[in-house]
Amino acid sequence: LNSKTKNRIGFESAKKAMREVMLQDTILRLPEVLSSLRNDLGNCLAELQALEEKEKLNDPKEVKILVTHALQKVQERINAYLDGDLETARRFPHVLQDLDDELQE
C-alpha cells in the first residue's frame, strides 16, 4: 500500500495494536499451555510404560520367567502357612525342616 494510504486508514497503528493484544494474550495463556503440555507428557509416558509392560508379556520367555517366579512365591507362602501340619509333613517330606534349618532362619 501507499504510505499515505496506510497512514490514512491507520494500518500501522492497527497492526501495532493487534500485535500488542496478541502478545498479551500469549503471555496470559502460556502457563495454561505449559501445564496442559506437562499433563499430556505425563499421560503419554504412562501410556508408553503400560505398552512396554504389555509388550514384555507378549514374549513367551518373559511370561515363563514371571509365571515360574509367581509359582515359587505361592509355594513358599503355602509351605509357610502349613508349616507344622502333620499331614503336610507326610505329603511334602522334601520341604521339612530340621532344628538346624529353623535356627538358621
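The following legends describe close-up views of a predicted model of one protein chain.

**View 1. Overall helical architecture of the predicted chain.**
The secondary structure consists of five helices and zero strands, arranged along the sequence as α-α-α-α-α. Of the 105 residues in the protein chain, 2% count as buried. The accessible surface amounts to about 10,100 Å², and carbon and sulfur atoms contribute 58% of that area.

**View 2. Confidence across the helices.**
The mean pLDDT of the protein chain is 81, and 74% of the residues reach at least 70. Confidence is highest in helix H2, with a mean of 90. The lowest mean, 63, belongs to helix H5, formed by residues 99–104.

**View 3. Helix H2 from end to end, with its kink.**
A kink of about 40° is located at Arg 29 in H2, shortly before the proline Pro 31.

**View 4. A nonpolar surface patch that includes Val 33.**
Leu 30, Val 33, Leu 34 and Leu 37 together make a nonpolar surface patch of about 330 Å². Val 33 is placed in helix H2. Because its relative accessibility is 41%, Val 33 counts as partly exposed, the class that lies between buried, under 20%, and exposed, over 50%. An α-helix has 3.6 residues a turn, so residues three or four places apart point the same way.

How values were computed:
Residues numbered from 1 in each chain as written. Predicted model: local features only at pLDDT ≥ 70, side-chain atom pairs only at ≥ 80, totals over all residues. Heavy atoms only, no water. Helix = DSSP H or I, 4+ residues; strand = E, 2+ residues; numbered from the N terminus. Buried < 20%, exposed > 50% of the residue type's maximum accessible area, 1.4 Å probe, protein only. Areas by Shrake-Rupley, 256 points an atom, 1.4 Å probe, with all protein chains shown as cover. Expected span 1.5 Å × (residues − 1). Bend = angle between axes of the 7 residues up to and from the residue. pLDDT = per-residue confidence, 0-100. Patch = residues over 30% accessible without salt bridge, like charges linked within 9 Å, V, L, I, M, F, W, Y side chains within 5 Å. Salt bridge = Lys/Arg side-chain N within 4 Å of Asp/Glu carboxyl O.
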